[in-house]
Amino acid sequence: MATNTYSCDPSPTSGKCRACGATENLKTCSRCHTGAYCSRACQAKDWKQHKVRCKAIAASIQASEEPEKQLDGEFMRSAMNAQKKALRQAKKENVPIYCASMTSRGIVAPGMPVPDGVPANFGLKQAAVLEFHSSGGRINKQFLGEAKYRDYYDDLVSNEEEWLEFFHHPLNTEHAEHTCGVLGTLATIYRQRGSYEQCGQVLEMEMKVMDIYKQLSSAPGVSRAQIYCCEGLDEYD
């Protein structure tokens, strides 16, 4: 299951043509279903800007509608690379990025109430994972993203029981996986800075989430992609 869908359209609900601003006779891109245009000419004019986001969103839709695609390692790597490229482009252009996440209790997205059973501050997780995906997990000299990683970590500590119970549900497995990535990156930032006590504290929380992820990944019927991710995290650890 694809847990996160990102919309990088500058005005996904504005009701205006992305190219000329017209408000009548609008149609959305048939490939990604985002980005409105009043004519083929306007769509072609905007294609250079739209194509990166289009490919990323289309790949996410295809993975959701065709579960067998999630077992195709090459397809998933291509889809993830397309997503990262789209997110980097959006950040570079200061384009707002909207994140919608599927959970065991329903969708969590901007403007929607957080479903019962989902941690109240789930938005902190979305912000941290968005930063993680945008950077591809890389750490730069300015340690950009640290504040969002730290905010999420602090909430994990403050509401540990609630979060760990959430991660235990099989449909929330990818959220546990993403959390391990965020915490591992935050721990690396502290280690590089020489803040070893803070690094140890973050790694302790990561191991709690990792243990849950390993348990879920060893259950019958788990996809090969999930097993591969689990083995990769195990090697990293």
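# Close-up views of a predicted model

**View 1. Surroundings of Thr179.** Leaving aside residues up to four places away in sequence, Thr179 is in contact with Lys125, Tyr152, Leu156, Phe167 and Val209. The model shown in this and the following views is predicted. Thr179 belongs to helix 6, which covers residues 173-193. With a relative accessible area of 0%, Thr179 is buried.

**View 2. Helix 6 along its length.** Helix 6 comprises 21 residues and extends 31 Å from its first C-alpha to its last, close to the 30 Å expected at 1.5 Å a residue. Most of this helix is covered, as 16 of its 21 residues are buried. Gly194 follows helix 6 and has a positive phi, near 90°.

**View 3. The edge-to-face pair of Phe122 and Phe166.** Across the whole structure, a search finds 6 aromatic pairs. In the pair formed by Phe122 and Phe166, the ring centres are 5.8 Å apart and the planes stand at 75°, so the arrangement is edge-to-face. This pair links distant parts of the chain, 44 residues apart: Phe122 is in helix 3 (residues 122-135) and Phe166 is in helix 5 (residues 160-167). Phe122 counts as buried, at 0% relative accessibility, and Phe166 also counts as buried, at 3%.

View 4. The rings of Tyr152 and Trp163 form an edge-to-face pair, because their planes are at 75° and their centres 5.3 Å apart. Tyr152 lies in helix 4 (residues 146-158) and Trp163 in helix 5, so this pair ties together parts that are 11 residues apart in sequence. Tyr152 is buried at 0% relative accessibility, and Trp163 is likewise buried at 0%. Ring pairs join Tyr152 and Trp163 with Phe122, Phe166 and Phe167 into a cluster.

**View 5. Phe167 and Val209 in the largest nonpolar core.** The largest nonpolar core contains 30 residues, and Phe167 and Val209 are those with the most contacts inside it. At least two residues of this core come from each of helix 3, helix 4, helix 5, helix 6 and helix 7 (196-217). Not counting residues up to four places away in sequence, Phe167 touches Tyr152, Leu156, Asn172, His175, Ala176, Thr179, Val209, Ile212 and Leu216. Phe167 is also a member of the aromatic cluster, and Thr179, the subject of View 1, is among its contacts.

**View 6. The salt bridge between Lys148 and Glu131.** Side chains of opposite charge can pair when their charged atoms come close. In this model the count comes to 5 salt bridges. One of them joins the side chains of Lys148 and Glu131, with an N to O distance of 3.7 Å. Since Lys148 lies in helix 4 and Glu131 in helix 3, the pair ties together parts that are 17 residues apart in sequence. Lys148 is partly exposed, with a relative accessible area of 39%, whereas Glu131 is buried, with 10%.

**View 7. The salt bridge between Arg193 and Glu146.** The closest N and O atoms of Arg193 and Glu146 are 2.6 Å apart, and the two residues form a salt bridge. The pair links distant parts of the chain, with Arg193 in helix 6 and Glu146 in helix 4, 47 residues apart. Arg193 counts as partly exposed, at 39% relative accessibility. Glu146, by contrast, is buried, with a relative accessible area of 17%.

**View 8. The salt bridge between Glu160 and Lys208.** A salt bridge with an N to O distance of 2.9 Å brings together the side chains of Glu160 and Lys208. Glu160 lies in helix 5 and Lys208 in helix 7, so parts that are 48 residues apart in sequence are tied together by this pair. Glu160 is partly exposed at 25% relative accessibility, and Lys208 is partly exposed at 31%.

**View 9. Cysteine residues.** A search of the whole structure finds 0 disulfides. The cysteine sulfur closest to that of Cys20 is in Cys38, at 3.6 Å, which is too far for a bond, because a disulfide requires sulfur atoms within 2.5 Å. Cys20 counts as partly exposed, at 47% relative accessibility. Cys199 is buried, with a relative accessible area of 7%.

Terms used:
Residues numbered from 1 in each chain as written. Predicted model: local features only at pLDDT ≥ 70, side-chain atom pairs only at ≥ 80, totals over all residues. Heavy atoms only, no water. Phe/Tyr/Trp six-rings, centres within 6.5 Å; stacked < 30°, edge-to-face > 60°. Helix = DSSP H or I, 4+ residues; strand = E, 2+ residues; numbered from the N terminus. Buried < 20%, exposed > 50% of the residue type's maximum accessible area, 1.4 Å probe, protein only. Contact = heavy atoms within 4.5 Å. Expected span 1.5 Å × (residues − 1). Core = buried A, V, L, I, M, F, W, Y, C linked by side-chain atoms within 4.5 Å. Salt bridge = Lys/Arg side-chain N within 4 Å of Asp/Glu carboxyl O.
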